[in-house]
Structures are given as C-alpha cells and as structure tokens.
Amino acid sequence: MTETAMYRLNPDISLANVRICSRCIYDERVPSITFDSEGVCNYCRQVESLSAQYATGKLNGKNRLKKIIDEIRFEGRKKRYDCVIGVSGGTDSSYLIHWAVEQGLRPLAVHYDNTWNTAIATQNIRKVLFSTGVDLYTHVVNNKEIDDIFRSFFFAGVAEIEASTDLGYAYTLRRVAAKYGISAILEGHSFIEEGITPLGRNYFDGKYIQSIHRLFGEQQLRTYPLMTFSRFLKSAIIDKPKFIRPLWYLNYSKEEAQLLLNQRYGWQYYGGHHLENRMTAFYHSIYMPEKFGGDLRNNTLAARVRNGSMDRATAWAEYNSPPIVERQLLDYFLKRLNISPSEYSLVMSEPPRDWSEFPTYKRRFERFRLLFKLLAKADLVPMSFYLKYCFPSK
Ligand SMILES: [Zn+2]
C-alpha cells in the first residue's frame, strides 16, 4: 500500500515567513508537524528512532536481516517460490528483485497492471526479470473497467484518484501469495530514501472504492481485485503472509541502485519519483497541486536532505519550483477517460470533497482495533494501516 499524505498549502503564508525544520525541508504546513527546542521536526526524529530500532546500515541490522532471510528460505524450502515481490518497473522494486536473488531467495514477481504504465516501466520489468530468471505473475485489469473507476473518482472530486491502484496492488500480492502458499511478501520501501509520509487526510479501502464507483460509474466490476473487509480478514488471519521491508535494515541509496540496475540490466530511469505510470504522474504533477494545493515532492526531497545525498538549499529550491509535467499528459488523461475540457475545468474548480462524506469501512476498522493491533505486531497487516486507519480521525 502506498502511503500518501494530503494537505492544503496555505496561500497566505509567504515563503519568507514559513517555519522550516532546521534539518530537513518539512515546514509548518506539513500535517501534524512539531518542532523541538533545536528546531528539528518530529518526522526527522521519527526517522532517527526507526534507524536505531532497525539498526539501519549497522552490523546488527544486517545480522537481523540475515536471520529473516534464513527464515523465509526455511519456510519456503519445499515450495517453488519462497517470497512475493510486487514490481512496477521503478527503482526500489527492481532493486529488490536483484537483491533477493543475490541473497539466494526465490521470488515470484507480481505486477498489478492498471493499463496506464509507460512503455519504459514495462521494458524495465522485462529486462530485470529476464536477466535474473525470476518468474512474473501479472494481473491485468480490464481497461474499460479501470478507466470507469478512475473517472468515478475524478467526478466525485475526492483526492484519492489512485486508491484503486494502491488497494488493487495490495490485494493482488495477498492473493498470489495465497495461491502459491508463499508466506512472505517483500516490500521495497526505504525510510532513508523516502521518509515516513505525514499522517495526512488521505484514506482508502474496498468499501470506499465500491461506493464511489456505484455513485459515479457505469461498468460492472469483473476483473478489478477488490479487497473487501472479509477478503482482507481472510488473508490476514487464514493465509497469513508476512510483510517484510528489507531496505529498512540497509543503507539503501536510490542513486547507487539506479546505477547498478542500469549497468547490469539496461534498466532505465523514467525521470521522476512515481512517474512510471501515467495515472500516478497525473495525480502527482497535475491533480494534487491544481485541485488540492498539495505537493508530495517534499517527502522524497526531505528524506534526501536527511541522508545527506542532497543539500538543504537545493531541495528547498526544487520544492518551490513548479513540477515538471509531461506535455501530453493532460490530453492523454482527458481523451482516455472521455472527459471534455469543460467538464474538466468544472470539476477542477469545484471545492474538493472528502472521503468521510462517502461510505467506508473506517468505523469497522476502529471497532476491530485490538485485533488489528495484534495483526500489525505480527507483521500480518502494515503497522501504518493500524496507526492511520484504526483510530478516530478527528
Ligand atoms: Zn525535519
């Protein structure tokens, strides 16, 4: 599940008067931010404490990861595959495949194809898997059906236009793990390179996707892997795949990973974080900034300042310059979803609507808080799910 945060930039604050963390570039507009006596933000402190907890990049961390790898290999010793890795063609998931094979793991790569991939992403997946000899399982959703879901979210005027992809991915990984009896799902997240996204207002679940689609969509959902509450529980309690983030133990560098992937596999960079998919690109570079006044680039930029791969002034300048937008992106979006320019302008100028206005599982997640706490502690549901979704939001 991708963790995204949403917030509105306050246009009344001039940049000169914005309070910025003395270490990274998070400023006072980031949700739930606090600054300590040294002017360091709570997100920098959180990364510090995670680094200590996971012994990131230290011998102790490597030893613990080695133990986890041994367990995965032991659990999967009689199976064709011992772990599942979701692949997008992006840096982290491609690197994770390379890393897993080097560790002697036997991963099954899984791709949830929402049919909005760029050609470069598809080629990257093919190149890395071909050279490493890793098998690929792809779930392709029907393009008319998925476009109907995207269109529904756009006309609903809510921020979570990418919800179906994040949830569809998560459920596909769970389903494939169950199908092949695989007990570990490896995730390519790195808090050193991407940080921990702020607790924002963004929200999604299976009920939310269903309700938005029922209100604004037309097609029947037949191929979309919808994670309903009961399917989620069945996976977490009966199938029980564990979610593991190996990069949390390692001194991971995106730049070094890209260099290695390029030299070894002919993998290519697609020019920006999360831009390997056209809908993701639309969400980050057009939809969020223009309708919601939100800019998510500071997550990665702040993380790069913290880990020393970028200086603070350069990162702050980049954050305050407009995002680079592929010229044909908006045309592609409108044409593919059959939205007229006037419909587009109308929706973009209407006030944003909030997920809490629509039916979701939120209350149910709160009622089952104790169960989800136990599941999160056992790595059977993401800890971020428990912390963000199982408590009242206001
Ligand atoms: Zn900070």
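## Exercises on pockets, cavities and helix packing

Helix H1 (42-54), helix H2 (59-75), strand S5 (242-244), helix H17 (369-377) and H18 each contribute at least two residues to the lining of the second largest pocket. Keep in mind throughout that this is a predicted model.

**Exercise 1. Describe the second largest pocket: its volume, its central residues and its lining.**

Solution. 
- Step 1: Start with the volume, which is about 1100 Å³ for the second largest pocket.
- Step 2: Move to the centre. Of the 37 lining residues, Tyr-54, Phe-243, Trp-248, Asp-379 and Met-383 are the closest to it.
- Step 3: Ask which element gives the most to the lining of the second largest pocket. That is H1, with seven residues.
- Step 4: Sort the lining by class. The second largest pocket has 19 nonpolar, eight polar and ten charged residues in its lining.

**Exercise 2. Find how many cavities of 30 Å³ or more there are, and describe the largest cavity.**

Solution. 
- Step 1: The count comes to three cavities of 30 Å³ or more.
- Step 2: The largest cavity holds about 90 Å³ of space.
- Step 3: Its lining is made of 13 residues, and those closest to the centre are Leu-167, Asp-205, Met-227, Phe-232 and Phe-365.
- Step 4: Helix H9 (229-239) and helix H18 (383-389) are the elements that give two or more residues to the lining of this largest cavity. H18 also supplies at least two residues to the lining of the second largest pocket.
- Step 5: By class, the lining of the largest cavity has ten nonpolar, two polar and one charged.

**Exercise 3. Work out how H5 is oriented against H6, and which residues make the contact.**

Solution. 
- Step 1: Two packed helices are described by the angle and the distance between their axes.
- Step 2: For helix H5 (residues 143-156) and helix H6 (residues 163-179), the axes come within 10 Å and the crossing angle is roughly 135 degrees.
- Step 3: H5 and H6 are therefore oblique to each other.
- Step 4: On the H5 side the contact uses Ile-146, Ile-149, Phe-150 and Phe-153, while H6 brings Ala-163, Ser-164 and Thr-165.
- Step 5: The contact of H5 with H6 has five nonpolar residues, two polar and no charged.

**Exercise 4. Classify the packing of H3 and H4.**

Solution. 
- Step 1: The axes of helix H3 (residues 91-102) and helix H4 (residues 119-132) come within 10 Å and cross at roughly 5 degrees.
- Step 2: Angles under 35 degrees count as roughly parallel. H3 and H4 are therefore roughly parallel to each other.
- Step 3: Ser-94, Ile-97 and Val-101 of H3 make the contact with Val-128, Leu-129 and Thr-132 of H4.

**Exercise 5. Report the confidence of the chain, and of residues 1-13.**

Solution. 
- Step 1: The chain has a mean pLDDT of 91, with 94% of its residues at 70 or more.
- Step 2: Over residues 1-13 the pLDDT is below 50, and this stretch has 47 contacts in the model beyond near neighbours in sequence.

Technical notes. Residues are numbered from 1 along each chain as its sequence is written. This is a predicted model: local features need pLDDT of at least 70, side-chain atom pairs count only at pLDDT 80 or more; totals for chains, interfaces and linings use all residues. Side-chain values use heavy atoms; hydrogens and water are left out. Axes are lines fitted to C-alpha atoms, for helices over the stretch in contact, and angles run from 0 to 180 degrees between N-to-C directions. Helices (H or I, at least four residues) and strands (E, at least two) are DSSP runs, numbered from the N terminus. Angles under 35 degrees count as roughly parallel, over 145 as roughly antiparallel, 65 to 115 as roughly perpendicular and the rest as oblique. Contact means heavy atoms within 4.5 Å. Ala, Val, Leu, Ile, Met, Phe, Trp, Tyr, Cys and Pro count as nonpolar, Asp, Glu, Lys and Arg as charged, and the others, Gly among them, as polar. pLDDT is the predictor's confidence in each residue, from 0 to 100. On a 1 Å grid over the protein atoms alone, a cavity is a set of points where a 1.4 Å probe fits but cannot get out, and a pocket is an open set with protein on both sides within 12 Å along at least five of seven lines; lining residues have an atom within 4 Å of a point. Grid points are joined across faces, edges and corners, and a volume is the space filled by probe spheres set on the points.
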